[in-house]
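Please look through the sequence and the structure below before reading on.

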Amino acid sequence: MTALIGIDWGTTSFRAWRMGQGGEVLEEVGDGPGILAAGALPGGFGQALRDRIGPWMDGTPVIASGMITSRNGWVETPYLPLPLDAASLARSLTLHDGIHFVTGAVSDPDGPAPDVMRGEETEIIGHLAGGGGDGLFVLPGTHSKWAWAEGGRLVAFRTVMTGEVFGALRDHTILGRLVQPGPGSGEAFRRGVEAGRQDGALLGRIFSARTLALMDRLPPDQIADYLSGLLIGDEVAHGLRDASGPVTIIGRGDLAARYQTAFAVLGISADVAPPGMARRGLWDIALKGGLT
């Protein structure tokens with residue numbers, strides 16, 4: 001029997017789970033359109049949802065998190081200030097078109113540099129609900145999140161635009177002129193991490209991705225891996241200045257592995273969380289919100 005439908009709906013991704021009475025996955029969909037594509041479809045978000053999981057929607061409670069609650073999403077929900085936990089997110093659910101939407105989080109809203117997240121808070125809650133301890137959580141992506149949990153609550157975070165900057169530098173600057181596709185080089189990535197951990201202005205150090213290639217000291221098919229390592233290395237080196245306690249990476253695939261490697265190069269052991277953190281977080285928030 002279905003107890004809950006959980007949805008993690010991001011800018012370019014869509015995942016949904018039909019869950020049983022104990023939160024177990026009965027059925028899963030992972031290939032739906034992200035909010036940018038779904039919002040442009042005839043019928044918008046509602047039709048996109050029905051196209052992917054229509055047969056599941058029989059009156060079962062539905063809970064969703066991610067960029068679907070942003071200004072570009074289905075409904076814009078307010079940001080919840082820190083600290084927060086599953087119970088505070090449950091109390092702040094927004095009901096719209098029959099769906100319970102999880103709000104985002106905001107750090108230092110009245111300060112000189114406020115920061116926001118949507119979706120990552122649910123993944124962190126999932127890790128905590130699964131018995132994960134406090135400490136530093138790193139969520140790699142286009143906009144990486146560095147978040148700190150204490151006492152089972154999210155207490156601080158900051159955003160680093162490493163992924164987006166990497167794409168821009170590779171595709172739209174002179175650094176990418178010499179780049180050639182290749183099989184991927186872990187050695188070039190680690191070499192970049194070592195360059196990234198060095199002192200000095202980052203905007204000066206990244207030019208080495210071009211000059212090393214010009215001096216025939218970096219093969220063209222390794223430039224992208226070197227540049228990726230340099231940017232991630234700089235991010236991790238600076239992030240570790242505020243780190244305390246265990247480090248947990250919440251992410252999937254090659255990118256999570258790259259961050260784990262970068263931490264290792266800098267002498268820090270970081271664990272990669274098992275998959276399913278968003279689903280587990282949605283389940284815990286739904287439980288505390290009385291949805292199931």
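**Sheets and pockets**

Six strands make up an open sheet with mixed pairing, in the order 3-2-1-4-7-6, where strands are DSSP runs of E with at least two residues and helices are runs of H or I with at least four, both numbered from the N terminus, and where two strands pair if DSSP finds at least two bridges between them. This is a predicted model, in which local features need pLDDT of at least 70 and side-chain atom pairs count only at pLDDT 80 or more, while totals for chains, interfaces and linings use all residues. Residues are numbered from 1 along each chain as its sequence is written, and side-chain values use heavy atoms, with hydrogens and water left out.

Four bridges hold strand 2 (residues 14-19) and strand 3 in an antiparallel pair, and within it Arg18 stands opposite Glu27 of strand 3. Helix 2 (residues 44-53) lies across strand 1, strand 2, strand 3 and strand 7 (99-101), and runs at about 120 degrees to strand 1; contact here means heavy atoms within 4.5 Å.

A further open sheet has three strands in the order 5-8-9, again with mixed pairing. Strand 5 (79-81) and strand 9 are its edges, each with a single partner strand, so one side of each has no neighbour in the sheet. Strand 5 and strand 8 (residues 104-107) run parallel and are joined by three bridges, and Pro81 has Val106 of strand 8 as its bridge partner.

The largest pocket holds about 980 Å³ of space; a pocket is an open set of points on a 1 Å grid over the protein atoms alone, where a 1.4 Å probe fits and protein lies on both sides within 12 Å along at least five of seven lines, and lining residues have an atom within 4 Å of a point. The volume is the space filled by probe spheres set on the points, which are joined across faces, edges and corners. Of its 35 lining residues, Met67, Arg118, Glu120, Thr142 and His143 are the closest to the centre of the largest pocket. Strand 9 gives the most to this lining, with three residues.

Technical notes
Axes fitted to C-alpha atoms, helices over the stretch in contact; angles between N-to-C directions.
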